Amino acid sequence: MVRRRIAALFAALLALVFAAPVFAAPVFAAPPAGSALAVGPVRLTSSITDQTGAVAARRPEVQASINQLYAQYRIKLYVVYVATFSGLSPTSWVDRTAVLNGLGTRDILMGVATSARNYAISTDPSTGLSRTQVDSVSSVAIEPALRQGNWAGAAIGAAHGFGAAVAGQPIPAAPVTPAGAPAGPPATAPHHPASGASPAPTRAFAPEGAAIAIGLVVLLGLMLLAGRRLARGGARDGGRPGRGGRRRGVGGGHGHGHGPPAGPTTAELEAQASSALVQTDDAVRTSEQELGFAVARFGEHAAAPFSAALKGARAELAAAFKLRQLLDDDVPEPEHVERSMLTEISGRCAEANRLLDEQSEAFDRLQDLEARAPEMVAEVDNHVTQQDQRLTRSVQTLQQLAARYTPAAVAVAATSPDQARERLEFARGGVSEARSALATDDSGKAAVFLQAAESAADQAESLLDGIEHLEAELTQAASGLQAALREIDTDIAEGTALLASLPGDRSALVARAQDTASAVRAEMAAGQPFDALGALRALEQADAALDHALSGVREERERQERARAVLDQAMLVARSSMTAAGDFITTRRGGVGAEARTRLAEAQRHFQQAIAAARGDPEAALAEAQHADALAQQARSLAERDVEHFTYAEPGRVVRTGGLGGFGGGLGGAVLGGILIDSMLGGGRRGWGGAGWGAGGGLGLGSFGGAGTRARHSIGGMF
């Protein structure tokens, strides 16, 4: 079978060679610009996807440089050659191709349109390359070769350049056509192996004999290469495997045989998984907020596809967080199990992002913010005004709570008024800029400012809601203390009578319960500020420990009744802890890492299990509620630690704000709140041009969609 294919290929190639003089066609001619069919974002076939024959016989050279980059720095470079970018901007084309193929945090994509003579590079912020470094590699190691039509040299220069950038070394110059080569278009330059130049694919009109000779050599070479691959059953060249053989969103793919060494290290997998969790959680939270706006405006029926996508994304993210929690517990896993779990985390996150990304464009069409911008100005302005009015009342509420309860009791909401004030300042600036943009008929720019303002006002509302939640929970906890004291008194009496007859010293549990009850009564009698939720939690925990000790001598029915009696208190405490942690993380998600988010997700999972077990198994429900409370407290503590060290301007680098100057104040709060995203750290996809949001290294606006439409940043242009 293989021999028949080789024979058929040989016959076809000879026919093409001997037809060359008849048609007097250019041997290496590429289709003139505009003559080839436009090519949209493509599926990558390997490290090198060449739809124009640009690299031809120099493919092994290019592959070797790509393999070397991966072997040394675990960065995988993909290069794509097409005729045009199908009417898309170069940067949009490469970013969409990257998302289509699930490129990960250690992948770089370079796309070259050989006929249109433009290119772009898409990288992930987690690659570790700054915007300045990518610019340097582009201008020094890539563009000079592209200008000479040296397509292979551009790819080799990219591989060497990115390797040097990661190593902190000077960027090596691109291999270009050597001095002394014949003048004229790059395509006429002869091939000099030592220089790295290759025959360019345009306008090579050689004499008939030379055409036949050159064509025969090249075509026979292609024939031998193809035959060799056929005979080996499709040998791999170290490039990217097919879609089914590569984890989505988990760093670079790699081949077998002579390709780069097997996968990333365990530490790299862990870093990738943590980054994926944070980015995916941000995408889900932002999408949830945007979906709320859409449901309010267009109804649940119109928003049904997006609700379904969000539900699926939440399920994948929850499974990923559960795996992360298992890795964080006290039981270490063998390394091969740990690697498998980390890989699954990233894969789950990638699937969640895919579900959201698939609906992002349809969501934008539903919103149609540009067309609705004039009516949205009044709507968003009214929302900002309402929250401004609430702010004064919320400050008064917080002051009243501070007079009745300890600083620890109100700490979770202590900074909420200032945070809300900062978000509203940002929102007012956005509304003002939107009005100015509409005055100049720039509805696109107005829409972006309005969306940011709306998100900021909504976050201010959430911060003020948190103060009201705290007031309700503290009031409910204070009113429940007397009932909790009666419950623990009953258990103390029972424990004193029963535990003395059991083997082992159980008196410490009774003593702890007595001390806890006495301390709470003393606080209540003192008339001084105290922590009602903290007191209720202390009583519930001491009583639960005593109940557990008594369970061995109680009848099953009695145990369930006792658990049911204290379950409501435990559920109140757990719900309060989760609300506090959830509000804190949502409104400050730009500064919160994976660990705090993991604990919150696990707390929510255990709380749902408590709800499910409450009717049939109160004992199990009580244990789940207590576990949820402990995890939620950890989540809040970890999130507060992260925010304490958060800064949106990294040392040595000023985040460019493009057209954001009109917002005035509140910019830091908008970044902390995840409303604006630094594109070097996972920037947004919305923008209005090169100087606005989404311009490389600037600030981007989050919207409905996954990390794929938010996280990659790109550069490019003509050459």
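A: Start with Arg314, which is partly exposed because its relative accessible area is 37%. On this scale, buried means under 20% relative accessible area, exposed means over 50%, and partly exposed is what lies in between (1.4 Å probe, protein chains only). The model is predicted, so local features need pLDDT of at least 70 and side-chain atom pairs count only at pLDDT 80 or more, while totals for chains, interfaces and linings use all residues. Residues are numbered from 1 along each chain as its sequence is written, and side-chain values use heavy atoms, with hydrogens and water left out.

The partner of Arg314 is Glu288: the two form a salt bridge in which the closest N and O atoms are 2.9 Å apart. Arg314 belongs to helix α8 and Glu288 to helix α7, so this pair ties together parts that are 26 residues apart in sequence. Glu288, at 40% relative accessibility, also counts as partly exposed. A salt bridge here is a side-chain nitrogen of Lys or Arg within 4 Å of a carboxyl oxygen of Asp or Glu, and by this rule the structure has 28 of them. Helices (H or I, at least four residues) and strands (E, at least two) are DSSP runs, numbered from the N terminus.

Asp281 is bridged to Arg285, with the closest N and O atoms 2.9 Å apart. These two residues are four apart in α7, which means that about one helical turn separates them. Both Asp281 and Arg285 are buried.

Helix α10 (residues 369-404) holds another such pair, Glu375 and Arg372, which are three residues apart and so separated by about one helical turn. The closest N and O atoms of this salt bridge are 3.9 Å apart. Glu375 is exposed, with a relative accessible area of 51%, whereas Arg372 is buried at 11%. Salt bridges also join up into a network, which links Glu270, Arg324, Asp328, Glu595, Arg599, Arg641 and Asp642.

Now go back to helix α7 and look at how it packs. Helix α7 (residues 266-302) meets helix α9 (residues 335-367) at an angle of about 30 degrees, and their axes are 8 Å apart. Axes are lines fitted to C-alpha atoms, for helices over the stretch in contact, and angles run from 0 to 180 degrees between N-to-C directions. Helices α7 and α9 are therefore roughly parallel to each other; angles under 35 degrees count as roughly parallel, over 145 as roughly antiparallel, 65 to 115 as roughly perpendicular and the rest as oblique. The crossing of α7 and α9 is left-handed, a term used when the near helix is turned anticlockwise from the far one by less than a right angle. In the contact of α7 with α9, 17 residues are nonpolar, eight are polar and six are charged. Ala, Val, Leu, Ile, Met, Phe, Trp, Tyr, Cys and Pro count as nonpolar, Asp, Glu, Lys and Arg as charged, and the others, Gly among them, as polar.

Rings of Phe, Tyr and Trp (its six-membered ring) pair if their centres lie within 6.5 Å; planes under 30 degrees apart are stacked, over 60 edge-to-face and the rest tilted. Five aromatic pairs are found in the structure. One of them joins Phe306 and Phe363, whose ring centres are 5.3 Å apart and whose planes are at 90 degrees, so the pair is edge-to-face. Phe306 is in helix α8 (residues 304-328) and Phe363 in helix α9, 57 residues apart, and the pair links distant parts of the chain. Both of these residues, Phe306 and Phe363, are buried.

Phe363 also pairs with Phe704: their ring centres are 4.6 Å apart and their planes at 15 degrees, so this pair is stacked. Phe704 lies in the loop between β6 (699-701) and β7 (713-718) and Phe363 in helix α9, so the pair ties together parts that are 341 residues apart in sequence. Phe704 counts as buried because its relative accessibility is 0%, and Phe363 is likewise at 0%. Through these ring pairs, Phe306, Phe363 and Phe704 are linked into a cluster.
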